[in-house]
Amino acid sequence: MQDDWTKPAAKAIPKEGYFEEEQGRYGPVFPKTPACHGFTIIAKIKPGTEQAIREYGKKLEETVAGLPDALAVLKLHYLRWVLFDIKGETYFMYQGIFDTDFDKYTEDAVMLFSKYGINTVFENLEGFPEDWKTNSPAFVEFVREHQCPSFLEYGEYPYVSADEIKKALKLKAAFSVMLDQMQ
């Protein structure tokens, strides 16, 4: 059962990235898995941009430290960035796990960056559209072209949203305070 968070779950995913083709606004809808929604992008970086990408990571760390809800609209669980070399060329891997579907996540990302007047780390990737802030379909097309679908996803507490996890942790903290008061 998809709503049973008490039992770990794993889901093998077909090569196409979906079980039945269902069209969203920007192409096939990827299914919700025990790990929720997500995607992995792998793209070659523009030569000489590795330091800028690393600095962008530091800037994102500082932004979230100063404004913890800066990325809240994205409903992220996790975000992982990796730089690695293949035959002397550097590639960037963006891996995100989130609660919304692919189309909404990418639209929200474009809106978020446009709202705050900031750029995306993706500008350092070869082939990324220069007009991405005003051309959501081009942004989505780039992401889909560089998407590497998972073939297995696992969740220790499957299908649970980030908001549900936060509520459970708040409840735990409240009970802890209450129990401390009773002693």
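This tour moves through a predicted model of one protein, from the whole chain to single residues.

**The whole chain**

Begin with every residue shown as a cartoon. The protein contains four helices and seven strands. Read from the N terminus, these elements follow the order β-β-β-β-α-β-β-α-α-β-α. Along its principal axes, the C-alpha trace spans about 60 × 40 × 35 Å. The protein has 183 residues, and buried residues make up 36% of them. Among contacts with a separation of 6 or more, 68% join residues 24 or more positions apart.

**Helix H2**

Next, select residues 102-116, which form helix H2.

Colour the buried residues of H2: Phe102, Asp103, Tyr105, Thr106, Asp108, Ala109, Val110, Leu112 and Phe113. Several elements cover these buried residues, including strand S2 (23-24), S4, helix H1 (50-66), S5, S6 and helix H3 (136-146).

Now examine the two ends. At the start of H2, a side-chain oxygen of Asp101 comes to within 3.2 Å of the backbone nitrogen of Asp103. After H2 comes Gly117, with a positive phi near 65 degrees.

**Asp103, inside helix H2**

Select Asp103, which belongs to helix H2. Is Asp103 buried or exposed? Its relative accessible area is 4%, which is under the 20% limit, so Asp103 is buried. A polar atom of the Asp103 side chain lies 2.8 Å from the backbone nitrogen of Arg25. Display also Gly24, Arg25, Tyr26 and Arg144: these are the contacts of Asp103 once its neighbours within four places in sequence are left aside.

**Helix H3**

One of those contacts of Asp103, Arg144, is also among the buried residues of H3. Select the whole of helix H3. Eight of its eleven residues are buried, so the helix is largely enclosed by the rest of the structure. The buried residues are Ser136, Ala138, Phe139, Val140, Phe142, Val143, Arg144 and His146. They pack against strand S3 (27-28), S4 and H2.

Glu141 also lies in helix H3. This residue is partly exposed, with a relative accessible area of 48%.

**The largest pocket**

Turn now to the empty space in the model. Rolling a probe the size of a water molecule over the atoms shows where empty space is left. The largest pocket holds about 360 Å³ of space. To find the pocket, select Ala35, His77, Tyr78, Ile97 and Tyr154, which lie nearest its centre among the 20 residues of the lining. Strands S4 (37-44), S5 (76-86), S6 (89-98) and S7 (152-155) are the elements that each give two or more residues to this lining. Which element gives the largest share? That element is S5, with four residues. Coloured by class, the lining shows ten nonpolar, seven polar and three charged residues.

**Arg80, on strand S5**

Stay on strand S5 and select Arg80. With 53% relative accessibility, Arg80 counts as exposed. Apart from its neighbours within four places in sequence, Arg80 is in contact with Met93, Tyr94 and Gln95. Tyr154 is 74 residues away along the chain from Arg80, and their C-alpha atoms are separated by 17 Å.

**Two loop residues with positive phi**

The last stop concerns the backbone. Most residues other than glycine have a negative phi, and most peptide bonds are trans. Select Lys87, in the loop between S5 and S6. Its phi is positive, near 50 degrees, although the residue is not glycine. Then select Tyr159, in the loop between S7 and helix H4 (162-182). Tyr159 is likewise a residue other than glycine with a positive phi, near 65 degrees.

Methods: Residues numbered from 1 in each chain as written. Predicted model: local features only at pLDDT ≥ 70, side-chain atom pairs only at ≥ 80, totals over all residues. Heavy atoms only, no water. 1 Å grid on protein atoms, 1.4 Å probe; cavity = no way out; pocket = protein on both sides within 12 Å on 5 of 7 lines; lining within 4 Å. Points joined across faces, edges and corners; volume = space filled by probe spheres on them. Nonpolar A, V, L, I, M, F, W, Y, C, P; charged D, E, K, R; others polar. Expected span 1.5 Å × (residues − 1). Buried < 20%, exposed > 50% of the residue type's maximum accessible area, 1.4 Å probe, protein only. Contact = heavy atoms within 4.5 Å. Polar contact = N/O pair within 3.5 Å; in protein donor to acceptor, adjacent residues only side chain to side chain.
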